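Here's a quick briefing to read alongside the model. Have the coordinates open as you go.

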Amino acid sequence: MNAIAEPLYREAPSAAPALSATHLDWLESEAIHIMREVAAECANPALLFSGGKDSIVLLRLAEKAFRPGRFPFPLLHIDTEHNFPEVIEFRDRRAAELGEQLIVRSLDDSIARGRIRLRSPDESRNRYQSITLLDAITEFGFDACFGGARRDEEKARAKERIFSFRDPFGQWDPKNQRPELWSLYNTRVHPGEHMRVFPISNWTELDVWQYIERERLAVPSIYFAHEREVIARPGGLMPTSHLVQPRPGEHSEHRTVRFRTVGDMTCTAPVESPATTVAQIIAETATSRITERGATRMDDQTSEASMELRKKEGYF
Amino acid sequence: MPDDRSPVRGMLRIATAGSVDDGKSTLIGRLLYDSKSVFEDQLSAVERSTRKRGGEGIDLSLLTDGLIAEREQGITIDVAYRYFATARRKFIIADSPGHEQYTRNMVTGASTADLAILLIDARKGLLVQSRRHALIASLLGLQHVVVAVNKMDLVDYQESVFRSIEQEFRTFLGHIGITDARFIPVSALDGDNVVDPSGHMPWYTGLPLLELLETVDTDSSRAAGAPFRFPVQQCHRPRAQAQADFRGYMGRIESGTVRPGDAVVVQPSGLRTRVKDILVWQTDGMHSLPSAMAGDSVTLVLADECDISRGDMIAAQTAPTTNAREFDALLCWMDSEALDPGRKYLLKHTTRNVPARVHSITSRIDVNSGNEVPTQSLGLNDMARVRLQVQLPLALDRYADNRVTGSFILIDEASNHTVAAGMIGR
């Protein structure tokens, strides 16, 4: 890593007076209600926790839903082994602080066992996560997995239900979804099928940051501006690392950047930004003219429908 | 409606109705675009798509088409949710397609909405589908409707065209019980009266669409003002020794307000007790609240030890729910497999799942005319009045009085499909 030494994570500074906190209350209560419905009706749920901001919000919502008790589910992370080390350390620390069980399943293991066959060793591992994820769901017999996906992220997600049914092959069929009315969720699945449940479906990127500020949630340091070596490519800046090196004609240079999403080092681009506090990130997000994934995800730029295709295969 | 809690929370949920031809996608695209909720990368993707289809400039309707099949066929398949915010309010739009499976999708979109936007093509005037959209909005309990008379540019912005549509539709809306209808002449393509007032129609002195949406009051106080309803999601009994005596009930207040000391009844058992404590968790532990209101997810502690579990309803003693094993309801059938009157279905009402059977079909509602016609069967996209029987009593309200405690879904236990949406009558 070329990142300049940074504290592992940072407490959000004392929150400014909340702007329109009332819509956050509504979103929070809706999410708590959804999580409690899963806990009551699903036999064996799990919460997908990546160390990213959206799943950090999910953990706070789970605390509000279930404390002083334990979470009625373990945390599950599908580790591509290409994640930013700051995020992995954050993941482990947060799980330990909460005293909750964290299950990690690794793409390296799936590759070693022959479940995943890469076409080339430096190929992006992003879409292969679905295989390891579905294997883990089978291994533990999970019938529901909470995810931090939001409908504002991407056009295929805009059409996905809060309770999103997956068939025995783990596939999503966008043309054949169960109607979802009022807040009456049909949680029923047959053995071998499962649900993906998205409690923050109705949140936007800005809502997430406003909630992080209000709740003073810690997030991995790479969300804040830092100096980093990057390679400028047509689709965006790529963080230089052992996985991404300059090609002929390219060069690696220092820029002040932050990440809007955290994914694989091979496909997650930082944006140039001086924002070092949550308040500054909120100000930037409120005026940004580029979507979160558009700015930062090389995996979504492959075609107009890359997310839909990956989701059909069982992606998050 | 009692469920109109969102506006109190600074949010407005909107259902849109209209077909591609009405320019619905263009109108939504225009709202997003002019309120600066469209991002540059989305715009350049739309520009590329427009060019691919042989068009020029930006086809705003492409902003709302998500799935591959939709782009291929130029149609909208499913309800899509759009988000935008202005300095005054946050909006969620449930955008339903206007063609096949229309009823099912519009019912879905309207079930969570505070307000409906109905689109009418100024050139065509009132169509069968305009009445259908309005009727569905009314049946789903949406009392606030904004009628956008679109494509005014194609009728030379004539006031007389707008006024005659307004007059005819207002009569119909009044007839079906929609009392708050606002009419706006717009041109979604050019943006007239969408975000900014139109220079072409000085005769229209009302607000442009966005400003109307920002300021419309949807009787939000009624949710808090309605009787207290608290469906129990789960009983909370921590295992830790220190809290061995603690027993709380987790759930969301669906209507009304609650304070410690309030007299409540647990239904359907009829147990009477008082609220002892209202708890929420904050970072440093559980906190007692002096009061809580509709929309809040809390943990309630009661004064007496009661046998209460998921599916029970805690309600105000002064205005309890009705316990019923048989009731009338309006059903919207949503499955390709028709209703089998001989079969049992699983009914989910608030947090309770009970076996249910359709005892009889009273009539089918012709959603195009509003007329009720005799029928023996119930298939996809049909709406009908039925009499239902359930195995255990439900603690319910009429849908007209409470959208949460008055609604339910039916699930086919073999396929696990959600086969019907129901609204409780008497």
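This is a predicted model: local features need pLDDT of at least 70, side-chain atom pairs count only at pLDDT 80 or more; totals for chains, interfaces and linings use all residues.

Residues are numbered from 1 along each chain as its sequence is written, chains are lettered from A and ligands numbered from 1 in the order in which they are written, and side-chain values use heavy atoms, with hydrogens and water left out.

**Interface of chain A and chain B**

- On the chain A side, 59 residues are in contact with 81 residues of chain B (contact means heavy atoms within 4.5 Å).
- About 5,800 Å² is buried between chain A and chain B, with carbon and sulfur atoms giving 54% of that (accessible area, 1.4 Å probe, that the two parts lose on being put together, summed over both).
- The rule finds 6 salt bridges across this interface (a side-chain nitrogen of Lys or Arg within 4 Å of a carboxyl oxygen of Asp or Glu).
- Glu41(A) and Arg310(B) meet in a salt bridge through their side chains, at 2.8 Å, N to O.

**Helix H7 of chain A**

- Helix H7 spans residues 278–287 of chain A, and its buried residues are Val278(A), Ile281(A), Ile282(A) and Thr285(A) (buried is under 20% relative accessible area, 1.4 Å probe, protein chains only; helices are DSSP runs of H or I, at least four residues, and strands are runs of E, at least two, numbered from the N terminus).
- These residues sit on the same side of H7(A) because they cover an arc of only 100° around the axis (taken from the directions from the helix axis to the C-beta atoms).
- Helix H6 (205–214) and strand E11 (252–258) of chain A are among what covers the buried residues of H7(A).

Key
Buried means under 20% relative accessible area, exposed over 50%, partly exposed in between (1.4 Å probe, protein chains only).
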